[in-house]
Amino acid sequence: MNIGLDMMGGDFSPLEAVKGVQLYLKGMEAPATIFLVGDETRIHPLLKEYSIPSGSVKVVHAAQVIGMDEHPTRALKEKPQSSIGVGFQLLATGQMDAFISAGNTGAMLVGALYSLKPIEGIQRPTICTILPKENGGTGVLLDVGLNADCKPENLNQFAILGSLYAQHIVGIEQPRVGLLNIGEEEGKGNILAQAAYPLLKENSQIHFIGNIEGRDLLLDKADVMVCEGFTGNVILKLAESLHGITKNQRIVNDYFERFDFEHYGGTPLLGVTKPVIIGHGISRERSFLNMINLAQKMIASDLLGKMKESFLS
(Lines give C-alpha, C1' and ligand atoms only; values in the text may rest on other atoms or scores of the structure.)
Protein backbone atom coordinates (compact mmCIF):
# COMPACT_ATOMS: atom_id res chain seq x y z
CA MET A 1 0.00 0.00 0.00
CA ASN A 2 1.47 3.33 -1.13
CA ILE A 3 0.07 6.60 0.20
CA GLY A 4 1.22 9.91 -1.27
CA LEU A 5 1.60 13.01 0.86
CA ASP A 6 2.11 16.53 -0.51
CA MET A 7 4.93 17.77 1.71
CA MET A 8 4.72 21.39 0.52
CA GLY A 9 0.98 21.96 0.96
CA GLY A 10 -0.26 23.91 3.97
CA ASP A 11 0.96 26.80 6.06
CA PHE A 12 3.20 24.66 8.28
CA SER A 13 4.65 22.17 5.81
CA PRO A 14 6.94 20.36 5.44
CA LEU A 15 7.66 20.36 9.20
CA GLU A 16 4.17 19.41 10.40
CA ALA A 17 3.78 16.86 7.61
CA VAL A 18 7.00 15.15 8.72
CA LYS A 19 5.83 15.15 12.33
CA GLY A 20 2.54 13.63 11.22
CA VAL A 21 4.40 10.88 9.36
CA GLN A 22 6.45 10.22 12.47
CA LEU A 23 3.30 9.79 14.56
CA TYR A 24 1.82 7.47 11.95
CA LEU A 25 4.88 5.23 11.74
CA LYS A 26 5.13 5.00 15.53
CA GLY A 27 1.51 3.89 15.85
CA MET A 28 1.42 1.25 13.09
CA GLU A 29 2.80 -2.29 13.23
CA ALA A 30 2.55 -2.69 9.46
CA PRO A 31 2.43 0.83 8.02
CA ALA A 32 1.94 1.72 4.39
CA THR A 33 4.83 3.15 2.41
CA ILE A 34 4.49 6.93 2.43
CA PHE A 35 5.53 8.78 -0.72
CA LEU A 36 6.75 12.22 0.36
CA VAL A 37 6.29 14.54 -2.61
CA GLY A 38 8.09 17.88 -2.47
CA ASP A 39 11.42 19.68 -2.29
CA GLU A 40 13.92 17.02 -1.24
CA THR A 41 16.39 19.63 0.04
CA ARG A 42 13.85 20.62 2.68
CA ILE A 43 12.47 17.14 3.37
CA HIS A 44 15.67 15.11 3.94
CA PRO A 45 17.01 17.20 6.87
CA LEU A 46 13.65 16.89 8.63
CA LEU A 47 13.55 13.14 8.10
CA LYS A 48 16.95 12.90 9.74
CA GLU A 49 15.96 15.23 12.59
CA TYR A 50 12.82 13.22 13.38
CA SER A 51 14.45 9.81 12.85
CA ILE A 52 12.11 8.68 10.09
CA PRO A 53 13.23 5.19 8.89
CA SER A 54 14.27 5.39 5.23
CA GLY A 55 12.59 2.10 4.44
CA SER A 56 9.15 3.40 5.43
CA VAL A 57 9.12 6.44 3.16
CA LYS A 58 10.07 7.34 -0.38
CA VAL A 59 10.98 10.92 -1.23
CA VAL A 60 9.83 12.08 -4.66
CA HIS A 61 11.35 15.40 -5.63
CA ALA A 62 9.01 18.14 -6.86
CA ALA A 63 10.74 21.43 -7.61
CA GLN A 64 7.66 23.65 -7.73
CA VAL A 65 4.96 24.65 -5.25
CA ILE A 66 1.43 25.87 -5.92
CA GLY A 67 0.61 28.72 -3.55
CA MET A 68 -2.66 28.96 -1.68
CA ASP A 69 -3.78 32.03 -3.63
CA GLU A 70 -2.90 30.80 -7.13
CA HIS A 71 -5.54 30.07 -9.77
CA PRO A 72 -5.93 26.26 -9.68
CA THR A 73 -6.19 25.44 -13.38
CA ARG A 74 -3.51 27.90 -14.47
CA ALA A 75 -1.16 26.83 -11.69
CA LEU A 76 -1.42 23.13 -12.56
CA LYS A 77 -0.78 23.91 -16.22
CA GLU A 78 2.16 26.23 -15.56
CA LYS A 79 3.67 24.15 -12.74
CA PRO A 80 3.65 20.50 -13.84
CA GLN A 81 6.53 19.79 -11.43
CA SER A 82 4.64 21.12 -8.42
CA SER A 83 4.10 18.77 -5.50
CA ILE A 84 0.39 18.58 -6.32
CA GLY A 85 1.04 18.04 -10.02
CA VAL A 86 3.62 15.31 -9.44
CA GLY A 87 1.38 13.71 -6.82
CA PHE A 88 -1.48 13.34 -9.24
CA GLN A 89 0.86 11.99 -11.93
CA LEU A 90 1.95 9.25 -9.54
CA LEU A 91 -1.62 8.56 -8.48
CA ALA A 92 -2.98 8.41 -12.03
CA THR A 93 -0.21 6.03 -13.18
CA GLY A 94 -0.77 3.62 -10.31
CA GLN A 95 2.45 4.28 -8.43
CA MET A 96 0.45 5.52 -5.45
CA ASP A 97 -2.87 4.25 -4.11
CA ALA A 98 -4.03 7.52 -2.50
CA PHE A 99 -2.98 11.16 -2.38
CA ILE A 100 -3.21 13.69 0.45
CA SER A 101 -2.59 17.44 0.50
CA ALA A 102 -3.27 20.40 2.78
CA GLY A 103 -2.37 22.72 -0.07
CA ASN A 104 -4.42 24.72 -2.58
CA THR A 105 -7.92 23.22 -2.36
CA GLY A 106 -8.90 24.30 -5.85
CA ALA A 107 -5.77 22.75 -7.34
CA MET A 108 -6.51 19.49 -5.53
CA LEU A 109 -10.05 19.41 -6.87
CA VAL A 110 -9.04 20.34 -10.42
CA GLY A 111 -6.12 17.92 -10.33
CA ALA A 112 -8.34 15.07 -9.17
CA LEU A 113 -11.01 15.72 -11.78
CA TYR A 114 -8.52 16.02 -14.64
CA SER A 115 -6.09 13.27 -13.60
CA LEU A 116 -8.61 10.71 -12.38
CA LYS A 117 -11.86 9.68 -13.95
CA PRO A 118 -15.11 9.87 -12.03
CA ILE A 119 -16.50 6.46 -11.20
CA GLU A 120 -18.62 5.35 -14.14
CA GLY A 121 -22.21 6.43 -13.66
CA ILE A 122 -21.43 9.25 -11.23
CA GLN A 123 -22.42 12.63 -12.60
CA ARG A 124 -20.51 14.73 -10.06
CA PRO A 125 -18.00 13.83 -7.37
CA THR A 126 -18.67 15.32 -3.94
CA ILE A 127 -16.88 16.21 -0.73
CA CYS A 128 -18.18 15.36 2.71
CA THR A 129 -17.43 16.25 6.31
CA ILE A 130 -17.98 14.67 9.71
CA LEU A 131 -20.45 16.23 12.14
CA PRO A 132 -20.18 15.20 15.81
CA LYS A 133 -23.51 14.35 17.40
CA GLU A 134 -24.58 15.33 20.89
CA ASN A 135 -24.95 11.66 21.92
CA GLY A 136 -21.33 10.87 21.00
CA GLY A 137 -22.12 9.50 17.56
CA THR A 138 -20.97 10.75 14.20
CA GLY A 139 -22.81 12.02 11.13
CA VAL A 140 -21.76 12.60 7.53
CA LEU A 141 -22.78 15.79 5.70
CA LEU A 142 -22.46 16.18 1.94
CA ASP A 143 -21.96 18.11 -0.28
CA VAL A 144 -19.96 20.72 1.62
CA GLY A 145 -18.75 23.00 -1.14
CA LEU A 146 -17.75 21.25 -4.35
CA ASN A 147 -21.18 21.56 -5.99
CA ALA A 148 -22.82 24.85 -5.10
CA ASP A 149 -25.66 24.17 -7.54
CA CYS A 150 -27.11 20.70 -7.94
CA LYS A 151 -29.76 18.72 -9.75
CA PRO A 152 -32.02 16.29 -7.89
CA GLU A 153 -30.12 13.37 -9.45
CA ASN A 154 -26.90 14.68 -7.90
CA LEU A 155 -28.37 14.64 -4.39
CA ASN A 156 -29.62 11.11 -4.98
CA GLN A 157 -26.10 10.00 -5.90
CA PHE A 158 -24.58 11.87 -2.96
CA ALA A 159 -26.87 9.86 -0.70
CA ILE A 160 -25.43 6.60 -2.03
CA LEU A 161 -21.83 7.80 -1.74
CA GLY A 162 -22.42 9.14 1.76
CA SER A 163 -24.11 5.93 2.87
CA LEU A 164 -21.18 3.81 1.68
CA TYR A 165 -18.72 6.14 3.40
CA ALA A 166 -20.71 6.04 6.64
CA GLN A 167 -20.94 2.26 6.50
CA HIS A 168 -17.38 1.32 5.60
CA ILE A 169 -15.36 4.20 7.09
CA VAL A 170 -17.43 5.52 9.99
CA GLY A 171 -18.75 2.06 10.90
CA ILE A 172 -22.52 2.61 10.79
CA GLU A 173 -24.17 -0.64 9.71
CA GLN A 174 -27.35 0.81 8.17
CA PRO A 175 -26.94 4.57 7.77
CA ARG A 176 -30.10 6.64 7.91
CA VAL A 177 -30.26 9.23 5.13
CA GLY A 178 -31.99 12.56 5.64
CA LEU A 179 -32.61 15.34 3.12
CA LEU A 180 -31.82 18.73 4.64
CA ASN A 181 -34.90 20.91 4.30
CA ILE A 182 -36.91 23.69 5.94
CA GLY A 183 -39.57 21.32 7.22
CA GLU A 184 -40.11 17.63 7.88
CA GLU A 185 -43.18 17.15 5.72
CA GLU A 186 -42.90 15.72 2.21
CA GLY A 187 -43.39 18.52 -0.33
CA LYS A 188 -41.56 21.12 1.74
CA GLY A 189 -38.66 23.18 0.50
CA ASN A 190 -37.41 24.69 -2.72
CA ILE A 191 -37.66 23.15 -6.18
CA LEU A 192 -34.47 21.12 -5.68
CA ALA A 193 -35.59 19.58 -2.40
CA GLN A 194 -39.09 18.85 -3.70
CA ALA A 195 -37.70 17.08 -6.76
CA ALA A 196 -35.00 15.18 -4.86
CA TYR A 197 -37.36 13.78 -2.23
CA PRO A 198 -39.14 11.19 -4.46
CA LEU A 199 -35.82 10.05 -5.93
CA LEU A 200 -34.43 9.40 -2.47
CA LYS A 201 -37.66 7.77 -1.35
CA GLU A 202 -37.55 5.30 -4.24
CA ASN A 203 -33.80 4.58 -3.95
CA SER A 204 -33.46 0.98 -2.75
CA GLN A 205 -29.71 1.40 -2.08
CA ILE A 206 -30.23 3.74 0.85
CA HIS A 207 -32.27 3.88 4.06
CA PHE A 208 -34.10 7.17 3.52
CA ILE A 209 -35.93 8.59 6.54
CA GLY A 210 -37.30 11.77 4.93
CA ASN A 211 -36.60 15.43 5.51
CA ILE A 212 -34.51 16.74 8.40
CA GLU A 213 -34.15 20.34 9.56
CA GLY A 214 -31.13 22.36 10.63
CA ARG A 215 -31.87 21.68 14.31
CA ASP A 216 -31.50 17.94 13.63
CA LEU A 217 -27.95 18.06 12.24
CA LEU A 218 -26.20 17.55 15.58
CA LEU A 219 -28.83 15.21 17.05
CA ASP A 220 -29.29 11.50 16.45
CA LYS A 221 -31.88 11.97 13.69
CA ALA A 222 -29.89 10.88 10.61
CA ASP A 223 -26.46 9.46 9.87
CA VAL A 224 -26.06 10.85 6.35
CA MET A 225 -27.32 14.36 5.68
CA VAL A 226 -27.67 15.44 2.07
CA CYS A 227 -27.79 18.95 0.61
CA GLU A 228 -26.28 21.02 -2.20
CA GLY A 229 -22.78 22.41 -1.66
CA PHE A 230 -23.78 26.02 -1.00
CA THR A 231 -25.81 25.14 2.08
CA GLY A 232 -23.34 22.44 3.12
CA ASN A 233 -20.39 24.80 3.04
CA VAL A 234 -22.22 27.36 5.19
CA ILE A 235 -22.92 24.62 7.75
CA LEU A 236 -19.31 23.40 7.62
CA LYS A 237 -17.89 26.87 8.27
CA LEU A 238 -20.40 27.47 11.07
CA ALA A 239 -19.45 24.15 12.68
CA GLU A 240 -15.75 25.03 12.45
CA SER A 241 -16.40 28.32 14.23
CA LEU A 242 -17.90 26.57 17.26
CA HIS A 243 -14.54 25.14 18.27
CA GLY A 244 -12.85 28.51 17.85
CA ILE A 245 -15.49 30.26 19.96
CA THR A 246 -15.18 27.77 22.82
CA LYS A 247 -11.40 28.22 22.77
CA ASN A 248 -11.67 32.01 22.77
CA GLN A 249 -14.17 31.89 25.63
CA ARG A 250 -12.00 29.38 27.51
CA ILE A 251 -14.86 26.91 27.63
CA VAL A 252 -13.71 23.36 28.31
CA ASN A 253 -16.23 20.92 26.92
CA ASP A 254 -15.60 17.44 25.50
CA TYR A 255 -18.40 17.73 22.97
CA PHE A 256 -17.24 21.00 21.46
CA GLU A 257 -13.67 19.67 21.33
CA ARG A 258 -14.96 17.26 18.68
CA PHE A 259 -15.53 20.21 16.34
CA ASP A 260 -11.75 20.59 16.04
CA PHE A 261 -11.03 19.66 12.40
CA GLU A 262 -7.78 17.98 13.45
CA HIS A 263 -9.81 15.10 14.90
CA TYR A 264 -10.80 14.13 11.35
CA GLY A 265 -7.81 15.37 9.39
CA GLY A 266 -9.23 16.13 5.99
CA THR A 267 -12.12 15.95 3.56
CA PRO A 268 -12.33 12.96 1.19
CA LEU A 269 -13.31 13.51 -2.43
CA LEU A 270 -15.95 10.87 -3.14
CA GLY A 271 -16.83 9.68 -6.62
CA VAL A 272 -13.41 9.55 -8.30
CA THR A 273 -11.54 6.31 -8.95
CA LYS A 274 -8.86 6.66 -6.26
CA PRO A 275 -8.75 8.09 -2.72
CA VAL A 276 -8.01 11.83 -2.61
CA ILE A 277 -8.03 13.64 0.74
CA ILE A 278 -7.93 17.42 1.07
CA GLY A 279 -6.67 18.91 4.32
CA HIS A 280 -7.09 22.29 5.96
CA GLY A 281 -4.41 24.84 5.12
CA ILE A 282 -3.50 25.21 8.80
CA SER A 283 -3.10 21.47 9.34
CA ARG A 284 -0.58 20.35 11.92
CA GLU A 285 0.85 16.96 12.81
CA ARG A 286 -2.36 15.43 14.18
CA SER A 287 -4.25 16.39 11.03
CA PHE A 288 -1.63 14.77 8.81
CA LEU A 289 -1.69 11.65 10.98
CA ASN A 290 -5.47 11.37 10.69
CA MET A 291 -5.42 12.00 6.94
CA ILE A 292 -2.93 9.17 6.46
CA ASN A 293 -5.06 6.91 8.65
CA LEU A 294 -8.16 7.80 6.63
CA ALA A 295 -6.40 7.09 3.33
CA GLN A 296 -5.25 3.71 4.64
CA LYS A 297 -8.77 2.86 5.79
CA MET A 298 -10.27 3.84 2.42
CA ILE A 299 -7.77 1.61 0.62
CA ALA A 300 -8.05 -1.34 3.03
CA SER A 301 -11.87 -1.32 2.95
CA ASP A 302 -11.91 -1.08 -0.86
CA LEU A 303 -14.40 1.75 -0.47
CA LEU A 304 -14.03 2.89 -4.06
CA GLY A 305 -14.54 -0.65 -5.34
CA LYS A 306 -17.79 -0.80 -3.43
CA MET A 307 -18.80 2.57 -4.88
CA LYS A 308 -18.10 1.30 -8.39
CA GLU A 309 -20.30 -1.73 -7.78
CA SER A 310 -23.15 0.50 -6.59
CA PHE A 311 -23.16 2.46 -9.83
CA LEU A 312 -22.93 -0.44 -12.27
CA SER A 313 -25.77 -0.27 -14.77
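This is a predicted model: local features need pLDDT of at least 70, side-chain atom pairs count only at pLDDT 80 or more; totals for chains, interfaces and linings use all residues.
**Entry 1: a β-α-β unit**

I started with β2, helix α2 (residues 40-49) and β3, which make a right-handed β-α-β unit. Right-handed here means that, with the strands pointing away from the viewer, the path from the first strand over the helix to the second runs clockwise. Helices (H or I, at least four residues) and strands (E, at least two) are DSSP runs, numbered from the N terminus.

Residues are numbered from 1 along each chain as its sequence is written, and side-chain values use heavy atoms, with hydrogens and water left out.

I then checked how the two strands of the unit pair. Strand β2 (residues 33-38) and strand β3 (residues 57-61) run parallel and are joined by five bridges; strands pair if DSSP finds at least two bridges between them. I found F35 opposite K58 in β3. In the loop between α2 and β3 sits S51, and its phi is near 55°, a positive value in a residue other than glycine.

**Entry 2: the sheet**

Next I traced the sheet. Eleven strands form an open sheet with mixed pairing, and the order is β3-β2-β1-β4-β11-β10-β5-β6-β9-β7-β8. At the edges are β3 and β8 (207-212), each pairing on one side only. From one strand to the next the twist averages 25°.

**Entry 3: cis peptide bonds**

I noted a cis peptide bond between S13 and P14, with omega about 5°. P14 lies in the loop between β1 (2-6) and α1 (15-27). Another cis bond joins L142 and D143, with omega about 5°; D143 is in the loop between β6 (138-142) and α6.

**Entry 4: helix pairs**

I took α1 with helix α10 (residues 285-300): they pack at about 55°, with axes 7 Å apart. They are therefore oblique to each other; angles under 35 degrees count as roughly parallel, over 145 as roughly antiparallel, 65 to 115 as roughly perpendicular and the rest as oblique. The crossing of α1 and α10 is right-handed, a term for the near helix being turned clockwise from the far one by less than a right angle. For contacts (heavy atoms within 4.5 Å), I listed E16, A17, K19, G20, V21, L23 and Y24 in α1 against E285, F288, L289, I292, N293 and Q296 in α10.

Then I did helix α6 (residues 152-170) and helix α7 (residues 191-202), which pack at about 45° with axes 8 Å apart. That makes α6 oblique to α7. α6 also passes α7 in a right-handed crossing. In α6, P152, E153, L155, N156 and A159 meet L192, A195, A196, L199 and L200 in α7.

Definitions and conventions: Axes are lines fitted to C-alpha atoms, for helices over the stretch in contact, and angles run from 0 to 180 degrees between N-to-C directions.
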